[in-house]
Amino acid sequence: MSDPAAWLERIRKLPLEGRVRVMNVCGGHERSISRAGIRALLPQQVELIPGPGCPVCVCPEEDIFDAIALSLRSDVTLVAFGDMLRVPCNAPKAQPRSLEQARAAGGDVRPIASPTEAVRIARENPAREVVFFMAGFETTTAPLAAMIGEGLPDNLSILLSARLTWPAVAMLLDSGEVGFDALVAPGHVATVMGAEEWRFVPDTHKLPAAVAGFGADSLLASLYSVLRQHGEGRAFLDNCYPELVKPAGNPTARRLIDECFDVVDANWRGIGTLPASGFALKPHLAAHDARQRFDLGADPDRKRAGEMPPGCDCARVVLGRIYPDQCRLFGAACTPSSPVGPCMVSDEGACRIWWSTGKRERRADSVDA
């Protein structure tokens, strides 16, 4: 069945008792849900909670600081996906706090939409060092691995800030403060890594889970599945995106990722270090690792390294602890034209999505401390 109205009718007929909180991990899911007005169409007791599926939002600000520093070198061209240019970091006031500000200060910073553009720019400028600052999840890491497999120009290096999606959900489930009763997992990640990667949710934590695509039909089918599971006291993994998602994912993409990257402990901005949650270039690619090529290291004078800006509640939004319009700064100090935190910058950030779909003011029960 592919009719969204029919799925919605089936959801409304479910004998739901009490509040049911469903986390939708992916920023793309949140965008589809908000733009289609799905929240307002669901039964009142169903809550959809945005989760930690925005790679720009969790990119460590130390990495942004390093990217800014590299961009201000006279012999470096730094390229990054467009959202990353506006994300602020905790730099001293006298210094650029974003790549956009670094570009205004004279840095050679260029937005790109695809990893292959980084290769093109490097080949067109063989006398310059080109650094690709890459923040993303598995869906971006896979094409990066394919690009590496085809061979990189000698003057191209990578400042990698890539993360796996599932460890943040595992952390929430292991925290003892689980704020949701069911999970909708991202279909594009599952297309690469496989639906089975999310089996730990029902098997270990006994919570309903479903993999969803990005159309209203697949999202509503996944919501019907997890709500029905919850009502019947069952928990299993349901693939509601079978046209693209297979149990083991894309074997070629997974092989390329394994050939190019090691899985390492990694810092998530505002959250902390999560074990086995990040990607690092394998040793045989050290010549293209910007951290080694430019001897990047931590700055001991940076007092707020790793944290969100003062007053910003992005970390709690990312973790599903509060809704975007409960942030202290939402719609006042923090707007898309003047973002304070990363969730208001990215098209996959929940705050930016809520603002763009008409929510412009803090709610009455906003966070005060």
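Is R39 buried, partly exposed or exposed? R39 is partly exposed, at 23% relative accessible area; here buried stands for under 20% relative accessible area, exposed for over 50%, and partly exposed for values in between (1.4 Å probe, protein chains only).

Welcome to a predicted model, where local features need pLDDT of at least 70, side-chain atom pairs count only at pLDDT 80 or more, and totals for chains, interfaces and linings use all residues. Residues are numbered from 1 along each chain as its sequence is written, and side-chain values use heavy atoms, leaving out hydrogens and water.

**Salt bridges overall**
- There are 19 salt bridges in the structure, each a side-chain nitrogen of Lys or Arg within 4 Å of a carboxyl oxygen of Asp or Glu.
- One network of salt bridges links D108, R110 and R128.

**E30 and R39**
- The side chains of R39 and E30 form a salt bridge, at 2.8 Å from N to O.
- E30 is buried, with 1% relative accessibility.

**R199 and E196**
- R199 and E196 join their side chains in a salt bridge of 2.6 Å, N to O.
- R199 is partly exposed at 29% relative accessible area, and E196 is partly exposed at 38%.

**R363 and D325**
- Between R363 and D325 there is a salt bridge whose closest N and O atoms lie 2.9 Å apart.
- This pair links distant parts of the chain, 38 residues apart: D325 sits in the loop between α15 (314-318) and α16, and R363 in the segment after α16 (350-356). Helices (H or I, at least four residues) are DSSP runs, numbered from the N terminus.
- D325 is buried at 6% relative accessible area, while R363 is partly exposed at 29%.

Definitions and conventions:
Helix = DSSP H or I, 4+ residues; strand = E, 2+ residues; numbered from the N terminus.
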